[in-house]
Amino acid sequence: MTTIESPTAAASGASASRAVRDATARHGQAATSQERLDTVARAVLGAVHDVIREHQVTYPEFQAAKRWLMALGESGEWPLFLDVFVEHVVEQVAAESQQGTVGSIEGPYFLPGQARLPAVCTLPMRDDEPGTPLVFAGQVRALDGTPLADAEIDIWQNAADGFYSGFAPHLPDGLLRGVVTTDGDGRFEVTTILPAPYQIPTDGPTGTLIENADWHPWRPAHLHLMVRAEGHRTVTTQLYFTGGEYLDDDVANAVKDDLVLDPAPGSDGRLRVEYDFVLERA
Ligand code: DHB
Ligand code: FE
């Protein structure tokens with residue numbers, strides 16, 4: 001069923017596809033060499049051939065796979081599918097050569113150019129925004145411990161109903177998104193709400209796969225963060241919350257122990273959690 005509370009996979013997919021095209025327009029298209037393309041493309045095809053041999057895949061199964069891949073493309077779901085089922089391994093490989101705060105996947109819902117906010121701020125929300133208030137505070141530092149003033153913490157998260165602004169027509173643009181600038185001591189304190197567990201859209205081909213294979217479509221509740229500072233490598237990561245559902249069973253496989261936080265009531269009674277980011281030099 002398509003209601004205003006449940007945006008379709010097609011609409012989410014189309015928005016996510018547009019975001020990929022916009023990012024390509026902004027940053028250009030990174031090229032790879034012919035040699036590298038030859039190596040990687042051959043290896044991908046070889047891995048598929050191996051699966052067919054190992055599992056004795058039949059003609060009817062091959063045709064079903066073709067139909068499903070056609071539907072995935074026609075419905076614009078490739079970005080959602082790749083970010084859920086593939087990106088975590090690309091991120092793990094990148095992380096092997098990185099120091100500082102551990103990363104996690106970006107996912108399909110980052111949007112650039114959000115509201116710029118001071119170090120102590122509240123993310124854009126509606127009056128009476130549903131959800132549990134949360135204060136998220138910390139410091140951005142270099143590897144050697146130097147505080148990084150004027151660092152930017154780009155934050156995006158879902159609303160209590162599980163949806164992301166910009167990808168769900170019933171939510172105002174810019175809701176629960178912002179770019180926070182750290183103070184002279186690298187610190188920040190952002191008031192927001194606890195994000196909700198997230199269900200990837202299930203009404204398209206990705207949902208069909210999940211249902212027919214008897215998997216589940218859920219990610220644990222998470223904050224998305226992209227932390228930038230002059231002269232340092234940008235960190236893209238996510239933060240999770242202890243005790244939440246799907247932490248051990250994330251459909252996108254993107255939880256890391258270091259990124260699971262334990263919020264507790266602060267002196268004013270609101271839930272508070274602290275996390276410091278550490279950036280390596282670019
Ligand atoms: C997807 C959505 C997310 O919010 C996320 O963090 C990762 C993946 C997705 O629907 O593909
Ligand atoms: Fe997400």
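The legends below describe close-up views of a predicted model. Local features need pLDDT of at least 70 and side-chain atom pairs count only at pLDDT 80 or more, while totals for chains, interfaces and linings use all residues. Residues are numbered from 1 along each chain as its sequence is written, chains are lettered from A and ligands numbered from 1 in the order in which they are written, and side-chain values use heavy atoms, with hydrogens and water left out.

**View 1. Protein donors of the iron ion (ligand 2).** Tyr 164 (OH), His 222 (NE2) and His 224 (NE2) lie 2.0 to 2.1 Å from the iron ion. Donors are N, O and S atoms within 2.8 Å of the metal (3.2 Å for Na, K and Ca); water is not among the atoms, so sites may look incomplete. Along the chain the donor spacing is Y-x57-H-x1-H. His 222 is buried at 1% relative accessible area, and His 224 is buried at 4%. Buried means under 20% relative accessible area, exposed over 50%, and partly exposed in between (1.4 Å probe, protein chains only).

**View 2. The largest pocket and its lining.** The volume of this pocket is about 1100 Å³. On a 1 Å grid over the protein atoms alone, a pocket is an open set of points where a 1.4 Å probe fits, with protein on both sides within 12 Å along at least five of seven lines; lining residues have an atom within 4 Å of a point. Grid points are joined across faces, edges and corners, and a volume is the space filled by probe spheres set on the points. Of the 38 lining residues, Ala 23, Asp 83, Glu 87, Glu 106 and Gly 107 lie nearest the centre. Helix 1 (9–27), helix 4 (78–85), helix 5 (87–95) and strand 10 (235–241) each give two or more residues to the lining, and helix 1 gives the most, with nine. Helices (H or I, at least four residues) and strands (E, at least two) are DSSP runs, numbered from the N terminus.

**View 3. Strand 6 and its pairing partners.** Five of the seven residues of strand 6 (residues 187–193) are buried, so this strand is largely enclosed by the rest of the structure. Two strands pair if DSSP finds at least two bridges between them. Strand 2 (residues 120–122) is parallel to strand 6, over three bridges, and Thr 122 has Thr 191 as its bridge partner. Strand 3 (residues 133–142) runs antiparallel to strand 6, with seven bridges; here Gln 139 is partnered by Arg 187.

**View 4. Two aromatic pairs.** Rings of Phe, Tyr and Trp (its six-membered ring) pair if their centres lie within 6.5 Å; planes under 30 degrees apart count as stacked, over 60 as edge-to-face and the rest as tilted. The count by this rule is 15 aromatic pairs. Trp 78 and Phe 81 are edge-to-face, 5.8 Å centre to centre with 85° between the planes. These two residues are three residues apart in helix 4, so about one helical turn separates them. Trp 78 is partly exposed at 34% relative accessible area, whereas Phe 81 is buried at 14%. Trp 218 and Tyr 246 are stacked, 5.4 Å centre to centre with 5° between the planes. Trp 218 is in strand 8 (residues 218–219) and Tyr 246 in the loop between strand 10 and strand 11, so the pair ties together parts 28 residues apart in sequence.
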